[in-house]
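Hi,

Here is the structure I said I would pass along. Have a look at it first, and then read on for what turned up when I went through it.

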Number of protein chains: 2
Amino acid sequence: MNILMNIRLKKYLACACAVIAISASGAKSQHPCLLFNTEELSEMKAGMKEAPLFDKSISKIIESAENALTSEISVPVPCDGGGGPVHEQHKANYYELMNQGVAYRFTDDKRYAERAARMFEEYAKLYPTLGYHQLGLSPVPGRLFWQTLNESVWLVHASVAYDCIRDYLSASRRANIEKNLLFPMAEFIMTGTDDNRANLKTFNKMHNHGTWATAAVGMAGMATDRKDLVDKALYGTDLSGKNGGFLQQMDWLFSPDGYFTEGAYYQRYALWPFVIFAQCINHTRPELKVFERRDHILSKAFDALFQLSYEGEFMHINDAMEKGLCAQEIVYAANILYGVEPDNTTLPYIARLYHDDCIPCAGGYRLARAIAEKPAESTPFRSTLLRDGRDGKDGGFGIIRDTAAGRNTALTMKATSHGLSHGHYDKLTMALYDNGKEIFLDYGASRFINLEAKNSGHYTKENDTFCKQSIAHNTLVADGTSHFGGIYKVSSKHHSDFTDFKSDPSGKFQAMTAEEKNAYADKGIAMERTLMHASLPGMSYPVILDLMRVKATGEHQYDMPFWYRGHMVSTNTRQTRSLTEMRPLGDSHGYQHIWVDADCQPEDGTSMQFTFFNGNRMYSVTSNATAPMTGKLMHLGANDPNFNLREEKGWLVRVPKAADCTIASLIEPHGEYDVIRETASGTKSSVSDVRIVSDTPDHTAVKIEYGPKKQAAILFVARDSDPDKSHTVAIDGKTHTWTGHYHITANN
Amino acid sequence: MNILMNIRLKKYLACACAVIAISASGAKSQHPCLLFNTEELSEMKAGMKEAPLFDKSISKIIESAENALTSEISVPVPCDGGGGPVHEQHKANYYELMNQGVAYRFTDDKRYAERAARMFEEYAKLYPTLGYHQLGLSPVPGRLFWQTLNESVWLVHASVAYDCIRDYLSASRRANIEKNLLFPMAEFIMTGTDDNRANLKTFNKMHNHGTWATAAVGMAGMATDRKDLVDKALYGTDLSGKNGGFLQQMDWLFSPDGYFTEGAYYQRYALWPFVIFAQCINHTRPELKVFERRDHILSKAFDALFQLSYEGEFMHINDAMEKGLCAQEIVYAANILYGVEPDNTTLPYIARLYHDDCIPCAGGYRLARAIAEKPAESTPFRSTLLRDGRDGKDGGFGIIRDTAAGRNTALTMKATSHGLSHGHYDKLTMALYDNGKEIFLDYGASRFINLEAKNSGHYTKENDTFCKQSIAHNTLVADGTSHFGGIYKVSSKHHSDFTDFKSDPSGKFQAMTAEEKNAYADKGIAMERTLMHASLPGMSYPVILDLMRVKATGEHQYDMPFWYRGHMVSTNTRQTRSLTEMRPLGDSHGYQHIWVDADCQPEDGTSMQFTFFNGNRMYSVTSNATAPMTGKLMHLGANDPNFNLREEKGWLVRVPKAADCTIASLIEPHGEYDVIRETASGTKSSVSDVRIVSDTPDHTAVKIEYGPKKQAAILFVARDSDPDKSHTVAIDGKTHTWTGHYHITANN
């Protein structure tokens, strides 16, 4: 950002503000009217004692506001990025502004309002002096922050604060704050500058950064009674409602099932401006019935996000870091949604288990009352297929849950579109959560938010070179290259497809199948994966059949990693262990980051078995294929100069050379290790063999031999998902006939 | 065990039993009289509803007894080791016996007594047919189990059961069970056989296995009114009280502070037979005042064990695995001790936080009542030096605690004797626990209890080749060799010594110093370590000065590892990273198991800094020495063919060549990362330099430069611990004078 441009920016903004100041008339609302209105304020203040969690939260806000009164107001000139002290000060300031505003409304103590007013006035002094942020790191640079995104978040909070204290301010103080701070900031977020229209593009974009922008501008408009700002926030800068704006974002950004294509981590973040702005809209424009829009899409989005959690933590899809149901955004969403859905039982379930806080809004108050007065809810988790894409036609994310009989399992398959810039090359990837733990994991992203020593808190280089690559996921990798060659533009054009997602009515199994035809189009490879979660007689826990069926032209190497958490126990192979020297698995597509711990050679013709334990349970993966296999034990860390990667470990099933190929793996949780009593049972896998006994264009059949008496079960997966189609096959001289996609036969 | 020997064993036992049967007269006690007597039973039954946890536990016992009634009694011929199905069946049986006995006493329902009686009768059939266990793996083999230890545990539980149902049995049934099972088993545990007197040796030994044996025999004696067995259990087989027996074990096995030389993990296990047998003695021989013996040594032992825990987990000293305050042994100990110490506040503190269960005894009942009726206790942790050795003269284990202002820190130094066969070569080793996490750790042991695939559940080879070695610990290693050359017999003859353990009365610091003169006697090396936990003005958390002072003849290489838990952030060195090839650190004394991740070279003359984070807090170690240093980043796993080692990581400060040498490291916890709000602060170390500014025969002075304004603090450690001795030194032209062992000067 050169100096000339900054001078031009200031001139432009001065001019824009003059215009705005004139147009700032319109109907006046009664304030507060954003997070809560005066009726709700009375309700909350009156019933505080019946809602202890709410009471505690408001007390905390007031205490925090009170403590801040004696400190000096600090509004420094912006200079650093995320995690830097000035950046963090401006973040702390927007929290304080909101605390002061809310404290004022809940206590009527003017000291809080005055403090917020003074801070606003400091900002009104600073803001007009600011050009673009000096860091110059973001393609959408802000003025107060290094990127406009943070500026939008600032304005969302500040608008709530301003809404609370507006009535306290004299007309001239209002004019100063609005003219020098709120209007130019809103205008900047909405339009950008003559020299840089990145903000304008973002504001009208169907993207979560756009939602922060529309929420910020819309809420600033509501707080200042600027109808024009609110209209543009709702309907886009051209006011057509067809080229941007919050309502279109509601229509476009979630699938009909509420799935957000970037994955759970970003869905959580994206949801925040949606719910907070929707709350404000519901107060100021109730006729829009915003919470009912698109068949209650915000509720669906929240439910989808909840279903994408395990033990309170969001599943690590795409660029994901540690984040879960205790996140502030979820507190906002659960509280606000409860205000319009008092019969929703998921919201109190979450609040009870994960929230130590409420948002100052009527929903938060009522939710806190509900968890104090009503009995606890049973688990609202269910098996579900969340379709991806605006119209639900871009594949989906399948979750098979098992919460029966005290079990706690979630088995997932990702067969979605790429997921925008945060997507990974991970078609048909599997993850397993069981017994409260992450068993087969998705690495998620390599990023250390706000840690300056780690690439200033941005995504690390290894996020591209490893985390996004196919080998980082529990899916098929052909010839050591990532899906779509790891090329974003190509991957973005395609999506996988679910062909089936079903539960057996008898409760014996649940299964899902998805196919991917484009990831290796250049190699003529199509893949189809079935994950079947089935109860077999005599097994202590349900098992999972993981069936990967590959059609290919020419011969290829196929890798199937199982990235696991736990401690390796044994394999049934001849292991050549890396004892005194360690080498990487390859040199590109993520392979360069993997150290090979051991090469494993199965005995000829037998299935290959790998066992590990995690917590008090053991897991065995027993694999076989229609072509010879080898195995590898591996762990992360090669070619990672700055120690950015975690030390994750994997078991790799490799078919070195095959054209068409089917790989069947049986995942068996087993055993029980009681640490208190030091008792152990079932620590050896009960599976003695897994064999693909039939693999035809009509179906695949996998025979499992298990238990001390070598019981047998055969799991059948037809190619055709037609539930009415019949199939017949003779195995070991016995004829098996079934109807439909999946079938299991097992002797008791 | 050959056949001939087994035949002889049977003959011998048949004969021994005949003799015993005759001598089985003596006074008759009223039963039950072991875990509880009839008065206590009435008290417990009457007040059940006021003690919900107790009520729940008894209900669980009764439910478990009830459920077992319909299953077939299974008393198989012994054949396998720990974790094997037959072994586990006999363990399950002793739990069931006890459950049935207790259920009978709490309900008067004879079905439970009858079930226990029948199981006893099955054992009475099986036991006489048994020779020594066929596995032949233990030097002290059992008959029902592979080692006698498990047989003692069996008999402890079975005695409680028998005590409960004795009155229910007819005289002939009693005679059968006593003659064929209880008497011969007690005799076997006490005396062994003509061919193998290993049991006799163990019974009279000052060792926790001996305590299990005396408890088993004594409790069997009480349950069967065999005064002779009880006497031998109390006073040793020669009845002198000087050559064995439980009372002498009480006098010998703990230090005067209650420290058990093998460490916390085994102290927990050792405590079990002590408390359960003491409870029985208190019922049957109250005149012995067993709980008051040796100034309440059992309470002291329990308190020492509690102080050796952090966040409910026992510190990993010597051969330690995961185990903590929720262990069954601790439930026993806390419950039983509460029966005699109703004013002890540690016991309800533990029960509240860690126990979901009670033992069927009066103490358990009263403890459950207390936690239901009384308010919660504040933390009973304190800084303490636990002396080692029977007379408290064999060094000790120092724990500095900081629980002020919401902090939760434990800093430990181990300067004890070797710790018998479970000891490690870890003189003066340091460990740090902070913020609820293990920060600098002791690996503990490599063992997977009851996991047959991992060396049949025994200690793995790597326990000797790595875990016990000095380099596995956070202490000084000279010339790449372990203390005492890793030779048990030599190490067992020596112990370290604490020279000081103190808290500054102003509350500014706590410090401890210990010395070790024998570990490298062959190299002429003596070492002295001071750990000082100090609050410096302007620092967010107290820091730790780790000062290792080495006196040596000739030059040596000195290694100081910091095995850490967390994610590496940065060093201030030039790092040569192992990118595409990894090699071990050495080839013996544990070094062969360590992969070198990076070689680090500090800039000349500057201190060397390493930063990592764990949870929401950062830690930096800034080191300097009186000779040139280098650094290494390292992780475990080399030369570990069976993947027995965990993937722990370490930072190594190495002085490649020096004679006398002082190494000073400042450990600084810093920063705050709020995962919910994604705010970060203080993520960089505030320490810019650590320098040894004076190092004389009188004292060492370390200057810390820190904070944005380069504040300075100097920490002084005199050689002489005399609190009245004065010291003077001029540093940077300024004279510092102080009196006593430690001193800090810091400008505000």
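Chain A has 748 residues, and a compact globule of that length would have a radius of gyration near 27 Å; chain A comes out at 28 Å, so the two agree. Please keep in mind that this is a predicted model, so every value here is computed from it. Along its principal axes, the C-alpha atoms of chain A fill a box of roughly 90 × 60 × 50 Å.

A few more overall numbers for chain A. You will find 18 helices and 29 strands in it. Of its 748 residues, 63% count as buried. If you take the contacts in chain A with a separation of 6 or more, 68% of them are between residues 24 or more positions apart. The accessible surface is about 26,000 Å², and carbon and sulfur atoms account for 50% of that. As for charge, chain A carries 79 positive and 89 negative charges, and their mean positions are 2 Å apart.

Now for the pair. How does chain A lie on chain B?

Next, a helix to look at in chain B. Helix H15 covers residues 346-354, and its buried residues include B:Thr346, B:Leu347, B:Pro348, B:Tyr349, B:Ile350 and B:Ala351. What do the buried residues of H15(B) pack against? Their partners in chain B are helix H13 (293-307), helix H14 (328-340) and helix H16 (362-373).

Some loop residues are worth a stop too. A:Leu420 sits in the loop between strand S5 (409-415) and strand S6 (429-434) of chain A. Apart from neighbours within four places in sequence, A:Leu420 is in contact with A:Thr261, A:Glu262 and A:Tyr488. A:Thr465 is 45 residues from A:Leu420 in sequence, and their C-alpha atoms are 17 Å apart in space.

Last, some backbone details. Most residues other than glycine have a negative phi, and most peptide bonds are trans. Here are some that go the other way:

- A:His31 and A:Pro32 are joined by a cis peptide bond, with omega about -5 degrees. A:Pro32 is in the loop between helix H1 (3-23) and helix H2 (38-47) of chain A.
- In chain B, a cis peptide bond joins B:His31 and B:Pro32, again with omega about -5 degrees. B:Pro32 lies in the loop between helix H1 (3-23) and helix H2 (38-47) of chain B.
- A:Asn455 is not a glycine, yet its phi is positive, about 50 degrees. Look for A:Asn455 in the loop between strand S7 (437-440) and helix H17 (461-467) of chain A; with a relative accessible area of 43%, A:Asn455 is partly exposed.
- B:Lys710 also has a positive phi of about 50 degrees without being a glycine, and B:Lys710 belongs to the loop between strand S25 (699-706) and strand S26 (711-718) of chain B.

Cheers

Terms used. Residues numbered from 1 in each chain as written. Chains lettered and ligands numbered in written order. Predicted model: local features only at pLDDT ≥ 70, side-chain atom pairs only at ≥ 80, totals over all residues. Heavy atoms only, no water. Helix = DSSP H or I, 4+ residues; strand = E, 2+ residues; numbered from the N terminus. Rg over C-alpha atoms; globule rule 2.2 N^0.38 Å. Buried < 20%, exposed > 50% of the residue type's maximum accessible area, 1.4 Å probe, protein only. Contact = heavy atoms within 4.5 Å. Areas by Shrake-Rupley, 256 points an atom, 1.4 Å probe, with all protein chains shown as cover. Lys, Arg positive; Asp, Glu negative; His and termini not counted. Charge placed at Lys NZ, Arg CZ, Asp CG, Glu CD.
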